[in-house]
Amino acid sequence: MWRANCALCLRLLERGRIRAWVSCQPRFCSNDAPESSTPSPPKANTSLRTKTEKQKRRQQKQTLILATPENNAEDNEIRWSQKDKIQYSTSTIPGAKKNTSVPFPLSYSPEYVEASWYQWWEKEGFFTPEYHDRVPHAQNRTFTMCIPPPNVTGSLHLGHALTVAIEDAMVRWKRMQGYRVLWVPGCDHAGIATQSVVEKRLLRDQRRRRQDLSREEFLQEVWTWKSQKGDEIYQQLRRLGASLDWSRACFTMDQGFSEAVTEAFVRLCDSGLIYRSEALVNWSCALESAISDIEVDSQEISGRTMLSVPGYERKVEFGTMVTFAYPLEGQDGEVAVATTRPETMLGDVAIAVHPDDPRYQAVQGKHCRHPFADRLIPIVTDIMVDMQLGTGAVKVTPAHDHVDFELSQRHSLPCLTVISGDGTMAPSCGQWLEGVKRFDAREMVLDALAERKLLRNKKDHAMSLPKCSRSGDVIEPLLKKQWFLRCEDMASRAIQAVEDGQLEIIPQLHTKTWKKWLSNTSDWCISRQLWWGHRIPAYQVALPGQSANREALWVCGRSEQQARERAAAQCGVDPASLTLTQDPDVLDTWFSSALFPFAMLGWPQKTPDLQQFYPTSVLETGSDILFFWVARMVMLGTELTGQLPFKQVLLHSLVRDRHGRKMSKSLGNVVDPLDVISGASLERLQEKVRGGNLDPGELTVAMEAQRRDFPGGIPECGTDALRFALCSHRAQGEDVSLSVSQVLSYRRFCNKIWQTVRFTLGALGDGAHQLDTLAQTRPLSSVDRWVCSRLHSTVLQCERGFEARELSAVTAAIHSFWVHSLCDVYMECIKPLLTQQDGGAGPGEALAGERRAARSVLYHCVSVPLALLAPFMPYLSEELWQRLHPLLARGAGGGSSSLCLQPFPRSSDLEHWHSPEEERHFLLVQEVVRVARSLRAQCGMTKERPDMWAVCSPAQEQTLLHFLPAVHTLSRVSALHIHCPQGGPGAPPSAPPPQGCIVGTVDHSCQLHLNVQRGRNVDQQISQLSKRRDGLLPKLNKMLSRRRAPGYLEKVPERVRQEMDNKISALEKEVQSIEEQLSALNGLRPDST
């Protein structure tokens, strides 16, 4: 049920017309069926052009992929020197807590970090809502989610991994906030998919078809296969770190769930929402079943193409348009019609022309003689016929075409079925075709038409071929008796729920799609001709002595006994005299899936779980199944429980590969998340592609693209890096284009975190230094106050991001703090302080106090971000927190203490650290450090620590003096001299910088002068300065040109003009400074004398 992507596809059928093959939109022949309006057909030319362009774009992408240079940026980024794997080798009983007292490894290793933690979490019951009562900071609030149940036949792909990463982040965040959290895992029985897999297995292993077994024997084979496959998907979810309550795992064929499905059917049937009628459906002849739209793929064909079709030894021709003639009855002449499916002409019951078409004015109301059947075909007029398409006359085959079916209803035409459910021609075709396979019959019909000199032409024709995604068979629209669910009223309530604000859809752009789909929805075909699934609880009733011609009587019941009693009461007979036969069909998988939010909690019984956790809080899933699953859950949940099944719908977009293509098995570009977690060789990746079902052309492209994308395979990235990478994308509204290089960059981020904690543990000692609590910690130095304020701002950003469901904002804030604030700045600043020895009284005592404060600040600036990381990187954060936490309060929380149950950091707890002025002023320091390091790099200085002068404004002087130790340390200068031409308070005025310094510009009012007189390479500096000048001049000229543009003063706001003036001033000063430096350096050249 859980798919990475899907879409409603328009199918191009005969005569080039575009028709929607929608199994949930029946048109009825029976008199008791509800009336339905006839939709206007889409414009054929526009749709055809769109499909042609789509095919062209796909071919262009394939060409581009093959033309991509092998040594591109992506290849360089994912180059990875294989690290020595570090394994957790300490003997630990499964489910026991991991031993973190062993020596701390030198570097991060995913395999080491991820060992043992999940088994401990699960055994301790941390993921169950019952554990909530043992949490000190517990709130009397609940948070409930269900995972979109993946198909039992499937394996996880990056689409699943994205869903798990997003949902688990939200779930872990709520659990750390003290909510009573329930996240229910589940698995869908996947009727068609599972039956197809088991049928193939039977044929391969036992050389038997499903029809060779009884229904009971086949179902036993399916259950045997499921027991062998076991909990494969569940184990994959565990590998991804999903904090699911496994004690409540729900399979849609479990006894309790099956009872819920039966109850839902009976209630809906009793209320008149379910009925039985004859209608056109998407039919798979290979499966001999109706299938849903989501199981129909569309293959674009540009012209004559030979394709393999299940059940045919040789390939079948598609992509041609055949024109043939019907002779007029009782007069000379003919009417020519065109079709891509000539075998269906045996079911033609009329020819339709436009009433205003001058070519057919004389034959309107006349008849043609069918060449192969002894019947006349009327020529009818209909304004829906496109006069410009083909011959302007269209054959009408109501039993095998949706548009023709609607036309037949308007003109009271009969429906003649000529193709049977197994794909062979029906007896109504005559003995010469009866039992012949439909595509073999196609050739026979064409030969017969040619023999009668009625075949006019045959030409290439671009078309969209509907195919069954499970069997690969070509879909055949067939007229079948099916069960339908009336959706109009339920759909209206679902629309109203969103408009009234009872149900929120995020992002809001999908609300338009929601209303559009539900406003145009028709009744839903819920029956499938399968053996595996929930058998329909409806029974055909035979009365004693009933005539064979009598219309069938159907009753539903929770059991056969209840159905018998109902039928007896309805017919007024003795129950024992009735013969009941249960419908052999099963329900559409989407029907049972639509019950998941409440059936998983024990509905229809009033269980404690149902009363406490329903409605659920949020439904998070892919935007591609908004209609197929989400809308149906809302409709059935509201109808059956009287409540919306959830209050909020959070939709993420598709996952695409680095070329922008959606990940699909049909393209061979699906990436297994376990390959990203554990690593995989190129040979293993290509073996998986070869094991797919790609045609030779697609296989070539897929194999070559894979070889170019991953020439060295996929390196081991780990679960935490993958989860963080997935959540770092803005999942709502934009497709996720994930590359392995991005995941690998976050593995490096994991190693940076690892080394940060390793340094912290070394700096704090083995509990030898007393640390203050968060509330007690008071930063003393300016850089302490800055980093503490930055931590407060980071926590505030994370709170706001989680509340807005913008996980990318949360991950960006965490990453920025760890890398740019903690590692790049604060740790570099305090390293000299923490490595000094404590002195005695006086200055030494003050230094010791500053050092003690810095240790506490360092501890909290590491432990708090670890808690922020926990929802995204559960393994790494747990591993490091278990080593760090005892330093503050040894033994706190007891043996079962876990980071996943600790309070999530709150900005209110860090309010005493908030100092926006410190953060604002430190921006200048960071820019000064950046320019100073750039100047050092220009001079090739690595170990030298030259003097530096800062020529700046009085306000900037105050800031630099305030953060003077940080500027010294980070800029790697021996001394900082501040020269303020305007004068001002502060340190004693410093002399101007000496001549011959290399100069860098910070902004329009601040310049740095680096004294590098000794040991410099004059020619190298002249070259570097010249390149710098040549790079700045175009930027300066572009800005000056914009400022001189007509209307600049009138059109550009004053604030923007001021910013532009400051940038131009800074660039002009820097260019002038470079010119002066170049002049001075040229004077130092030996040949200048």
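Predicted model: local features only at pLDDT ≥ 70, side-chain atom pairs only at ≥ 80, totals over all residues.
**A loop, some helices and a mixed sheet: a conversation**

Colleague: Is Lys-453 buried or exposed?

Modeller: Its backbone is worth a glance too: phi is near 60°, a positive value in a residue other than glycine. The relative accessible area of Lys-453 is 64%. Exposed means over 50%, so Lys-453 counts as exposed.

Colleague: And Ala-190, is that residue buried or exposed?

Modeller: Ala-190 sits in the loop between β5 (186–187) and α6 (191–206). It is not a glycine, yet its phi is positive, about 50°. The cut-off for buried is under 20%, and Ala-190 has 5% relative accessibility, so the word for it is buried.

Colleague: Let's move on to cis peptide bonds. Which residue is joined to Pro-604 by one?

Modeller: Pro-604 is in the loop between α16 (596–599) and α17 (608–613). The cis bond there has an omega of about 15°. The residue joined to Pro-604 by that bond is Trp-603.

Colleague: What is omega for the cis bond from Tyr-614 to Pro-615?

Modeller: Here the proline, Pro-615, belongs to the loop between α17 and β28. The bond that reaches it from Tyr-614 is cis, and its omega is near 0°.

Colleague: How many residues of strand β28 are buried?

Modeller: β28 covers residues 616–622 and is largely enclosed by the rest of the structure. It runs parallel to β29 (residues 646–652), with six bridges joining the two, and Gly-622 is opposite His-652 of β29. The count of buried residues in β28 is seven of the seven.

Colleague: Now for α28 and α30. Are they roughly parallel or roughly antiparallel?

Modeller: Helix α28 (residues 916–938) packs with α30 (residues 964–971), their axes being 9 Å apart and at an angle of about 25°. Angles under 35 degrees count as roughly parallel. The two helices are therefore roughly parallel.

Colleague: What is the hand of their crossing, and which residues of α30 make the contact?

Modeller: The crossing of α28 and α30 is right-handed. On the α28 side, the contact includes Phe-922, Val-925 and Arg-936. The contact residues of the two helices divide into eight nonpolar, one polar and two charged. From α30 come Ala-966, Val-967, Leu-970 and Ser-971.

Colleague: Which strands stand at the edges of the four-stranded open sheet?

Modeller: The pairing in this sheet is mixed, and the strand order is β33-β32-β35-β34. An edge strand has a single partner, so one side of it is left without a neighbour in the sheet. That describes β33 (975–979) and β34 (998–1003).

Colleague: What is the bridge partner of Trp-949 in β33?

Modeller: β32 (residues 947–951) runs parallel to β33, and five bridges join them. In β33, Trp-949 is partnered by His-977.

Colleague: Last one: which strands of the sheet does helix α29 touch?

Modeller: α28 also packs on this sheet, where it touches β32, β34 and β35 (1006–1010). Helix α29 (residues 954–962) has a direction that makes about 160° with that of β33. The strands touched by α29 are β32, β33, β34 and β35.

Technical notes:
Residues numbered from 1 in each chain as written. Heavy atoms only, no water. Axes fitted to C-alpha atoms, helices over the stretch in contact; angles between N-to-C directions. Parallel < 35°, antiparallel > 145°, perpendicular 65-115°, else oblique. Left-handed = near helix turned anticlockwise from the far one by under 90°. Contact = heavy atoms within 4.5 Å. Nonpolar A, V, L, I, M, F, W, Y, C, P; charged D, E, K, R; others polar. Pairing = 2+ DSSP bridges. Buried < 20%, exposed > 50% of the residue type's maximum accessible area, 1.4 Å probe, protein only.
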